[in-house]
Amino acid sequence: MNLESPEVIITADEKTQLEDNDSCLFGFIKLSGPEEATKRALIEKGIKYFEQEIIQKSKRDGGKEGEEIDASVDPKIYCQLGHLLLLLEQYPKALSAYQRFFHLREDHWKNAPFMYGLGLVYFHFNAFQMATRAFQQVLYTEPGFKRANEIHIRLGLIHKTLHNHDASIKHFRQALSDSNKCSLSKAQIRLHIAHLLEIQGKYKQAKEAYEQFESQDGNEPQVKATALKQLGWLYHITEQLGDKNRRESLAVHYLKESLAADNGNGQTWYLLGRCFSTLGKVHDAFVSYRNSIDKSEASADTWCSIGVLYQQQNQPMDALQAYICAVQLDKTHTAAWTDLGILYENCDQPKDALACYINATRQKGGLNSNLSTKIKYLQQHLDSIAVQHLQTKQKKLPSIEEAWALPIPAELTSRQGQGAITQHPMGKNAMLHSQPMGVQQNTLSPVNPGVMLSDDPMAKKKNLKRPSSEAIELPAPPPLTPQQMQLFHHLQQNEASLNPGQRQQLQNLHHQMMRYQQYQLKVQQQRATDPGQRSADLLNGMPLSSPITSSGLLPHVNIPENSTQSQGDTGTPLASSVHPEGSSEAGLPKDLQKFVTDHLNEINETDLSALLTSSRHDLATSIAEDLLAQFTQSQSSTIKKEDTPVLNSHQLSESSQRDSAPISHDSVKNTSPSKHSANSPKEPRIDPTQVEYRVKCDSDTKLVISRNIPRSHSPPLAPFNVSINMKGREVLAACKGYGKGGITTSMLGDRCPPRPPSPPYPLPKDSLNPPTPSVYLETKKDAFSIELQQYCYSQPVVVIRGLAGALKLDLGLFSTKSLVEANADHAVEVRTQKQQAPDENRDLFGNRLWRCDSSRGRTTIARYAQYQASSFQESLREENEKAKGLHKDSDSDSNSSSGAKGRKKKTIKFGTNVDLSDEKKWKPQLQELTKLPAFTKVVSASNLLSHVGNTILGMNTVQLYMKVPGSRTPGHQENNNFCSVNVNIGPGDCEWFAVPEAYWGVIHNLCERNNVNYLTGSWWPILEDLYEEDVPVYRFIQKPGDLVWVGAGTVHWVQAVGWCNNIAWNVGPVNARQFQLALERYEWNKLQSYKSIVPMVHLAWNIARNLNVSEPKFFEQVKSCLMRSLRQIRFTLDFVEELGLEVKWHGRNENEAAHYCNDCEVEVFDILFVLEQDKKFIVHCQDCARKIHPRLEGFVVLKQYYTQQLCEIFDRFQLAHHVPTS
């Protein structure tokens, strides 16, 4: 920095104006245009002024040369500096300034504009975990933040990227209901929601959502065109939407409607061609493909579909050239290579077919197993097949080498070619016009290295991905006749004694049979449907699904790493400017543009669809870059080289979780990613040495922390002169008048948002496999002893053996046979899983990982009982065969990890969450459980969950689990950290893994490192990862009749070793530890936008009504919760009275469930904000109601409790004197 520069002086008025420029203006002011030149000059002047202030203050305080300036500078300067730098889009410097403020200000979390700005910077750098954490803290500390809708949009995009579709929809819906100004229009947000419903497989809901755009006015034609394009393709590929003929007619109708709104979209023309092809309208299909090429430049997908169309018309030479066009445009186009291989195979040219199949496997993500089988077969029999073909016929097509080298017709290399398209074009010169051919070099923008120019055909090619194709019927190879089949079996049985001629005959028959079987499987796949492959377009921000061709293979769109796609065809650079009214015509904020383009490189999924299988993985969670270009209508502005941070592919370290600061420069240190997460999506690393904004001078002074918070955004602080020793009326009187602006407070008090705990002091490595606390019961007296209860309360996990025998429990009541006899048609939720060893979790390619996926289904007890029994009988049969030496290594052996990598896993079904709450249906079973000790009972005065006052399924009711070997309950903590009881009914065993509550923060960080959500994701820890982090793991076997006590907050995961049933429920010990952990998780869930199914405020009031508490710490916790609840009620009444609204008495019915906000799902106690929607009365919290309408127009405010009644409960709840027993 030039220390000799002239002194910068700003007036008081300029200083006031600068204070009004904070992160909330990002995306809503135009600083690049001439109309905002004055404001830009002021901001630049302010930056120089604040830099000058930093230097001058340090000099006055006697700083020394070369030392950093922190202690002598008011932290507010760094915060304001960060805001101004953010508005100028100088992200690296803004990050450094924000980080300074973060470290210097202990209560930085109270400053919502600061946390929002920091989140925007992290979002810009694609540091999603850190951006999410910053945004969540803003919503937690200030739920009424005026840019909450911008946060929800970015969180929605982040979760969409990470395939957390439910969370993404929740955030988009919250943004949709917010009436504040927004950078996305309501139509764009609704389009995101519709697309998410589609990729979730909720086709009818998606259809209804898309249909709403049909009547939309012409203000946003691109949005309407995209929605109708999606709708048309949805009709084309979704059998659930009706009769095929009707669906195809509607598909064509909506695609034409889309073109009427946006005639220049090549993707829509392409999809229309696909529909015409399915209808057999070959001429119309060719015309549509031609228009697609005219509008979209080079597209390998389009040429691949043209090849399929030619092949359908029995024009192999034309099909060959179309496929060659496709693979020359994209050498990794799996579908084109596979279809070309099928073409060669149909023309009896196995050598060329083999070459094409091998090329089809050269894609990211590994080799497809079914295609691998075909390749191996051709390699093994190539010589004999080739000799046979040479003897019988000549080649129909040029070889792949010859075809690649053939001169390209002029019609294919010139966009100016003229000529009509015939119904049955013949010869290579009769192919479609206007297609640039050959492999071209990517042209880079001279002003923005790494960004493809918009007129580059290769860039255009990469901006198109085609959705799943229609089933195109190719000529079927003939099946074996009965005589041929009989001969085949005879030769196969006598293979050892065959002569050369007979061997050749056997090979020919085998080859013919294989071709016919492959054809049948291929046709089945074409007719199969899968929610993961249905999206036909890209929605703003993510790439869409890859297509499936007639061969059933997905092409891979190759996007080079570290490259960025262009954002538009023409137009002026778009700065951080969106029209204040948020109209879509004005464009998107630049960080949203960058988010879209940067992630085209990162969210490509591995193409796992196979030639001979109908199993397809979810690749449809993508947004389209073409829609983004429509929204923005201009290219991104050039990023100056000096403003570009050094980014690489290393995963961001989350080590800051262990420090006092949740987000800091320390949290972006370079750390090696987990060795087990090499294939996981990664966040780029931010190099602090490259992005830090440093100011140096010669001062060394003590730190002076200013407690001032920008007044325009911070809510009035709650009074701190209230305590649990006051009367209820005194608490209300002390708080009155402070909530007029609308305040929401935490049940944990005025402290920083909750965060995962730092790990305890590391244990020695030989202590990481501790013995599991076990108790062996012999008598009923032992089971009811206070010592057993206290021992369980003091341990993370306890296995109580012999309980059933000591209490004479009839566990046979919970056997599968008894359950079927009692209620055979009772519902069972089924999870389909892959059977694996208990200490293993691998993907299809044998890679170890944390994420464990399973699909959901429904069945009945009777049907699952049949499955359970047949699974057992199959295992017995395999054991008998193995004993006789007839059975090779079983795929179903889940107790050995040897050979696990690469071995095909057996699919199993796990019957879970069987509700046994109905006392009429399950009276004998529930009655039997009353024999248990009081501290383990489902209903007991010593169980906090019995005081909730309403049913919480699975927590204060019994649930049943029906298992076969390998059934997994993934890692988790119980809801709100309550304890749980689990009894194994038998006859088989279960294996348990458990980690003490103190280490849940470590496991949370490991989940983030492995890109799986700790709260909502499904994960199975890799034990080696835990041991590397010094996490102790209890591991034990639960035998029939054993009861496992899971302590408060204990992390655990379970796998069935044999065939068994389990019953489980939650309990809440009446002590301080349980209540504290439950309340902390209640607030943590709120921070994570996750619903707490235990309403802790409601529970606290019921505890005060029903229990005498003698434990001082527990009493203080409950009383403090009541006091904060009264304070929040007073704040809410202040807000409602300020608006002049009437609070109507509503009351509360006995056993009425606690209420939750319909939007954010937080608990709403006492005062309900009710809005009528679709003839239903919907409850909202204060903050969501304010977002819908600032003055609550249309809302009815209801009160469920008399304030006097609550004050009396508060006053009566006093610490009971404990009388010690002698």
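**A tour in questions**

Q: Let's start with Y344. Which residues is Y344 in contact with, leaving aside its neighbours within four places in sequence?
A: This is a predicted model. In it, Y344 touches L320, Q349, D352, A353, C356, L397, P398, S399, I400 and A403, with neighbours within four places in sequence left aside.

Q: What about the largest nonpolar core: how many residues does it have?
A: It has 83 residues. L340 and Y344 have the most contacts inside it.

Q: Which helix gives the most to this core?
A: Helix α16, residues 316-329. It supplies nine residues.

Q: Switching to strands. What is the order in the open sheet?
A: Nine strands, in the order β5-β6-β15-β12-β17-β10-β9-β7-β8. The pairing is mixed.

Q: Which strands are at the edges?
A: β5 (774-776) and β8 (855-860). Each of these pairs on one side only. From one strand to the next, the twist averages 25°.

Q: Which helix packs on the sheet?
A: Helix α30, residues 786-794, does. It touches β5, β6 (797-801) and β15. The direction of α30 makes about 145° with that of β6.

Q: Stay with β6. Is it parallel or antiparallel to β5?
A: Parallel, over three bridges. Y776 has R801 in β6 as its bridge partner.

Q: And how many bridges join β6 to β15?
A: Four, and those two strands run antiparallel. There, V798 has W1045 in β15 as its bridge partner.

Q: Are the faces of β6 covered or open?
A: Both faces are covered. V797, V799 and R801 are buried on one side. V798 and I800 are buried on the other. In total, five of the five residues of β6 are buried.

Q: One step along, how do β12 and β15 pair?
A: They are antiparallel, over four bridges. β12 covers residues 979-987, and β15 covers 1043-1046. S980 stands opposite V1046 in β15.

Q: New topic: how many aromatic pairs does the structure hold?
A: It holds 28. One of them is Y1014 with W1019, which is stacked. Their centres are 5.3 Å apart, with 20° between the planes.

Q: Are Y1014 and W1019 buried or exposed?
A: Both are buried. They also belong to a cluster: ring pairs link W850, W1000, Y1014, W1019 and W1084.

Q: Why is the pair of F1115 and F1213 tilted?
A: The ring planes are at 35°, so the pair counts as tilted. The centres lie 5.1 Å apart.

Q: Which parts does that pair tie together?
A: F1115 lies in helix α39 (residues 1112-1138), while F1213 is in the segment after α41 (1203-1212). The pair therefore ties together parts 98 residues apart in sequence.

Q: Why does F1115 count as buried?
A: Because its relative accessibility is 10%, and the cut-off for buried is under 20%. F1213 also counts as buried, at 2% relative accessibility.

Q: Last one. Which ring does the charged end of K1119 sit over?
A: The ring of F1210, at 4.1 Å from its centre. Elsewhere, K1091 lies over the face of Y1156, 4.4 Å from the ring centre.

Methods:
Residues numbered from 1 in each chain as written. Predicted model: local features only at pLDDT ≥ 70, side-chain atom pairs only at ≥ 80, totals over all residues. Heavy atoms only, no water. Pairing = 2+ DSSP bridges. Axes fitted to C-alpha atoms, helices over the stretch in contact; angles between N-to-C directions. Contact = heavy atoms within 4.5 Å. Core = buried A, V, L, I, M, F, W, Y, C linked by side-chain atoms within 4.5 Å. Buried < 20%, exposed > 50% of the residue type's maximum accessible area, 1.4 Å probe, protein only. Phe/Tyr/Trp six-rings, centres within 6.5 Å; stacked < 30°, edge-to-face > 60°. Lys NZ or Arg CZ within 6 Å of the ring centre and 35° of its normal.
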